[in-house]
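Subject: Structure for your review

Dear colleague,

Please find below the structure that I am handing over to you. My findings follow it.

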Amino acid sequence: MKLQKFLLAGAFASASLMSSAAWAATDIQWWHAHSGRLGEVVSEIAAKYNASQSTYNLVATYKGGYEDTMTAGIAAFRAKQQPNLIQIFDAGAATIINAKGATVPVADLMSKHAGGFDITDYIAGVRYFYADSDGKMIGMPFNSSTPLLYYNKDAFAKAGIANPPSTWEELEAIAPKLKEAGYTALAQSHSPWIFSENFHSRHNIQLATGNNGYDSTDVKILYNNDHMKMHWSKVKEWLDKGWYGFYGRAWGDNQDAFVQKKVAMWLGSSGSFGGLTKSADFKFGASFLPYWKSIIAEPKGTFIGGAALFAMSGKSEEENKGVADFLTFLTQPDMQYFWHKETGYVPITNAAYDLAKSDGYYKSTPDAEIGIQQLNQPGGEWTKGYRLGYYVQIRDVMYKHFDDIFSGKASVDDAFSAMESESNALLERFHATYN
Amino acid sequence: MKRVQFEHSPIPYLFIAPQIVIIAVFFLWPAAQAIYQSFLLEDAFGLSSQFVWFKNYSDTVFSNSWLQAAGFTAVFSTLVTLLSLAIALLLAVKANEVIHGARTYKTTLMWAYAIAPPVAGLMGNLMFHPLIGDLYKLMNAIGWDFDHKLDAFDASFVVILISVWKQVSVNFIFFLSGLQGIPHSVVEAATMDCKNATRRFWTITFPLLAPTTFFLMVINITYAFFETFGIIDTTTRGAPGGSTNTLVYKVFQDGFRGADLGGSSAQSVVLMLVVLALTVLQFRFIERKVHY
């Protein structure tokens, strides 16, 4: 009797095993860098995708912050255990794109498996950032944001100011009033991104030779220019006058100063909108990133920050097909709209932007549109982005010298010339390594 | 000629084998890899690589940022070692004399031992937070224009304070057991000979503690060099201006965050040599003065 039961159970088990093997969906591994609320939204996307079809099973795994995720991906690739899809941040783009053969360009993947790919479907400020020099999209922009100005409406009312500044000249005019009202006028959370990279885009200034680094790895950085030095001399002046607050390098430290009403204006990301709505207990508004009227009469658009999804090479056709299928799903207007609404990141396709408009989202939440409007502002020669190797280290170099400017340890001129030579040494190393 | 041979038993080798395997897998093999990698320029994904002799060394070691990190590491590890040893010794001597509530007193001092360096760093972060940190407010209240986000001295003060605080309890435990290991007869004889407690301490107690002190010095230097990584990473991350960057943190920054494997390997080989040299020096010159 016992034996019979045992045999029966065994037969049942093997039968169910076989059937599950026959029906097993192909696993698609996706490594990402989002935790907290953003991580929840990523999981929701994966769940929605898995519910929408049964051929593939998307497994989304959180691998730590941007740098941790990239390191994990590199280590996995070297051990031939790479995921199908990996999220790589803006500063790491050069590392993965220049490693020839590490990824399959998404443009190729999509045209092969998803029946075509048209880069003009994507909004202007987004489409070429992760593309190669010929304009072929290598990584699919995923979480895309752009720097914006947030301002405390209560503080502005208290100081008797009607509108947020659209230029830095206007900021200098209102800063004393805000100081009198008890506020530090301005803080920002990412000086390389906001006060360097996007500073160049906003004013249409070249930031590196070789077409901002898109054409070659044999390039030199051009940060040591008069406009940058003028800007940073001003920022230092603002700091000394008590108009500018520096609360550390960490993103959150400076955002906290805004949330806690120490500073009246904060430069953050369009993706910060959702978080601020929850944490700020005062009325705030969003506005475009200010520019210097003395440098440019009509400002250009900014470019994106954030990260992109790269399809890693060395995978079977079947799995690559699954990746293309998921990316098609992800870029559908309703998915992009969902992502946009839940996180504050911009929708990356024109169709999704149109959907958000026609749905009346911006009527109820006009501030949510500022980021995408800024990205859609007229572009110039130098507004599509940049591609520089060892840029993670270059940003560290920049931070180091910005610290020295703030603390008065180095003059603006000295800091920028040191920044230039140290960055160029890193670019040379990168060129020697990747050629 | 008849060769004299003793029968060797293979059992001793068997006993040390696990240890040898552990050293080989977790030290020798990675160290060899690092040395090999330090002569290569290789892209992060390992798709292309070239042998470049000492380019990685000349590019990264002795660069400005490396020298700055080396300078800070020297000052930092000296201060952390000396301060955490001195404070722990003082506390241990005093705790050894306590009669009432000795247990509570000792347990309280040992507590911090259970805290991992990154956790200590996070606690320090909260205490020195510019908006909510109590210690930050206290420093500014007593007239010190304290700003560790911009001032190199203040930032160094923060990381040294946290590192010392974390290490004192470890040293305290060892010193206390060292003190309790000194025979009563010796202590009594000394008390009869000399009334001055300070003199008694330096002539009798301290020399008898020398083996403990030497051992602690070696592990404290290792701590200051390597384990404080977690504290640096959770507090300053080398800021401001690279002034609190240690050598080991720089290896991590370049290799893991920056994906520059060759440069990072070259730095870690140099770091290994520095620590090796330091340990040899300690054993040759300081250990001679230690009487077991």
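What percentage of the 435 residues in chain A do buried residues make up? The share is 51%, where buried means that 20 or more other C-beta atoms lie within 10 Å of the residue's own, exposed means 12 or fewer, and partly exposed lies in between, with C-beta atoms placed from the backbone.

This is a predicted model, in which local features need pLDDT of at least 70 and side-chain atom pairs count only at pLDDT 80 or more, while totals for chains, interfaces and linings use all residues. Residues are numbered from 1 along each chain as its sequence is written, and chains are lettered from A and ligands numbered from 1 in the order in which they are written.

Overall form of chain A

Chain A has 20 helices and ten strands; these are DSSP runs numbered from the N terminus, with helices being H or I of at least four residues and strands E of at least two. Along the principal axes, its C-alpha atoms fill a box of roughly 90 × 50 × 40 Å. Of the contacts in chain A with a separation of 6 or more, 76% are between residues 24 or more positions apart, a contact being two residues whose C-beta atoms, placed from the backbone, lie within 7 Å.

Strands and helices of chain A

Strand 1 (residues 26-32) and strand 2 (residues 56-62) of chain A pair in the parallel sense over seven bridges; pairing requires that DSSP finds at least two bridges between the strands. A:His32 has A:Tyr62 in strand 2 as its bridge partner. Between these strands the chain passes through helix 2 (residues 36-52), and this β-α-β crossover is right-handed, that is, the path from the first strand over the helix to the second runs clockwise with the strands pointing away from the viewer.

Strand 6 (residues 147-152) and strand 9 of chain A run antiparallel and are joined by four bridges, with A:Asn152 opposite A:Phe284.

Helix 14 (residues 317-330) of chain A has 14 residues and reaches 20 Å from its first C-alpha to its last, close to the expected 20 Å at 1.5 Å a residue; the expected span is 1.5 Å times one less than the number of residues. Its buried residues include A:Asn320, A:Val323 and A:Phe326.

Backbone points to check

A:Tyr390, in the loop between helix 18 (370-375) and helix 19 (391-407) of chain A, has a positive phi of about 45° although it is not a glycine. A:Tyr390 is buried, with 28 other C-beta atoms within 10 Å. A:Asn211, in helix 10 (residues 209-212) of chain A, has a phi near 60° and counts as partly exposed, with 16 C-beta neighbours inside 10 Å. In chain B, a cis peptide bond joins B:Ala239 and B:Pro240, with omega about -10°.

The contact between the chains

The contact takes 32 residues from chain A and 24 residues from chain B. Helix 11 (247-257) of chain B is one of the elements that supply at least two residues to the side touching chain A, and helix 11 gives the most, with four residues.

Yours sincerely
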